[in-house]
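Let's take a walk through a protein chain together. Keep the picture turning as you read, and look for each part as we get to it.

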Amino acid sequence: MSLGNLVGPSRAARLLLAALAHGRLAHAHVFAGFSGESLSALALNLAKALNCERPNPDACDSCVACRKIEGGNHPDVLVVQPDGDSLKLDQIRAMQNRAWRRPGEGRYKVFILRDAHLLTPEAANSLLKILEDPPGDLVICLLSPNAQALPATVLSRCQVLQLDPVSQATPADLVDFSETLLSRDAGRDELDALRWAEGWEKRRQEFPGLLDALQSCLRDVLLWRTTGASELLLNTGQEAFVASAAPRWSQAELLAGLEAVERARRALAHNANFRLAAEVLFLSLL
Ligand SMILES: [Zn+2]
């Protein structure tokens, strides 16, 4: 895989390729969007393009550097993920130490921080020191479902790429069902989840659309919880629903919900049993 043939974040990938071609790539990026898989793919493929032995300006996807990055064992590409429930100061300090060393094999060091909204305030301050004066051979990618959830001081030093928002034209009944799911009405139990999965088995063709709708509703509730800003909602006109659902979910539960949607999408892409994938998803959203 390379930037040029990424399917999900294609618009973002095109923008990065254009920046690479013109030698105007920023040193620090925020890739924001709800598909963790798309965010990681974008960051790793940017790392490939930066360190490929035959860049054009995209990666060749077959040289030793490209293959090492794909396999997660290139010494200049560092992926940092939350330790427990946050990205901690010692993790950023370790990163800081590496920031000033020369790349070991490639041309650039690429640091990828997953779930960057989970930076502790101390870790964010430490990260700022790198962002304020980044070495020329360092590119940082912060991945987060929601750019607005990052500290403003960090955000202001990064180029923000919002991945293509999920379909704005989601059929109303899919949004309605998503809202029913997320309303967390009292008295629901596992039997309801199994019943829903059974019902959706007859509507499998529409299920990918439901996953999009669920993702956009979960994102809206998360955004509302974090910012209270209705103008950023993807599903316009649903402010009343979002405001009523938001208090019933914690941020961690919303993120877990987004992950469950992503897992269902992956399972179905790999031809997993439909009924089982739907059951697991609905059970995890009870
Ligand atoms: Zn290559």
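Here is a term we need before anything else: a nonpolar core is a set of buried Ala, Val, Leu, Ile, Met, Phe, Trp, Tyr and Cys residues joined through C-beta atoms within 7 Å. Keep in mind, too, that what you're looking at is a predicted model.

So where does that idea show up? The largest nonpolar core has 49 residues, and the ones that touch the most other members are Phe 31, Ala 43, Leu 46, Val 110, Cys 141, Leu 142 and Leu 143. Several elements give two or more residues to this core, including strands S1 (28–32), S3 (109–113) and S4 (138–144), along with helices such as H1 (10–21) and H2 (36–51). Which one gives the most? That's H2, with 8 residues.

Now zoom in on Leu 143. Setting aside its neighbours within four places in sequence, Leu 143 is in contact with Phe 31, Leu 39, Ser 40, Ala 43, Ile 112, Leu 113, Arg 114, Asp 115 and Ala 116. There's also a second, separate core, made of 30 residues, with Trp 200, Ala 213, Leu 222 and Ala 245 among them.

Time to step back and look at the whole chain. It holds 12 helices and 5 strands. Its radius of gyration is 20 Å, close to the 19 Å that the globule rule gives for 286 residues, so the chain is as compact as a globular protein of that length. Its C-alpha atoms fill a box of roughly 60 × 40 × 30 Å along the principal axes. Buried residues make up 40% of the 286 residues. And if you take the contacts with a separation of 6 or more, 76% of them are between residues 24 or more positions apart.

How is the chain divided up? The domain assignment gives domain 1 (3–162) and domain 2 (172–284). The C-alpha centres of these two domains lie 29 Å apart. Where they touch, domain 1 puts in 8 residues and domain 2 puts in 9 residues. On the domain 1 side, those residues divide into 3 nonpolar, 4 polar and 1 charged.

Ala 260 sits in H11, and, apart from neighbours within four places in sequence, it is in contact with Leu 281, Ser 284 and Leu 285.

In the loop between H2 and H3 you'll find Pro 57, which is joined to Asn 56 by a cis peptide bond with omega about -15 degrees. Next, go to the loop between S3 and H5 for Asp 115. Asp 115 isn't a glycine, yet it has a positive phi of about 50 degrees. It is buried, with 20 other C-beta atoms within 10 Å. Asn 271, in the loop between H11 and H12, also has a positive phi, near 55 degrees, without being glycine. Asn 271, though, is exposed, with 8 other C-beta atoms within 10 Å.

Notes. Residues are numbered from 1 along each chain as its sequence is written. This is a predicted model: local features need pLDDT of at least 70, side-chain atom pairs count only at pLDDT 80 or more; totals for chains, interfaces and linings use all residues. Domain bounds come from an automatic or database domain assignment. Two residues are in contact if their C-beta atoms, placed from the backbone, lie within 7 Å. Ala, Val, Leu, Ile, Met, Phe, Trp, Tyr, Cys and Pro count as nonpolar, Asp, Glu, Lys and Arg as charged, and the others, Gly among them, as polar. Helices (H or I, at least four residues) and strands (E, at least two) are DSSP runs, numbered from the N terminus. The radius of gyration is taken over C-alpha atoms; the globule rule is 2.2 Å times the number of residues to the power 0.38. A residue is buried if 20 or more other C-beta atoms lie within 10 Å of its own, exposed if 12 or fewer, and partly exposed in between; C-beta atoms are placed from the backbone.
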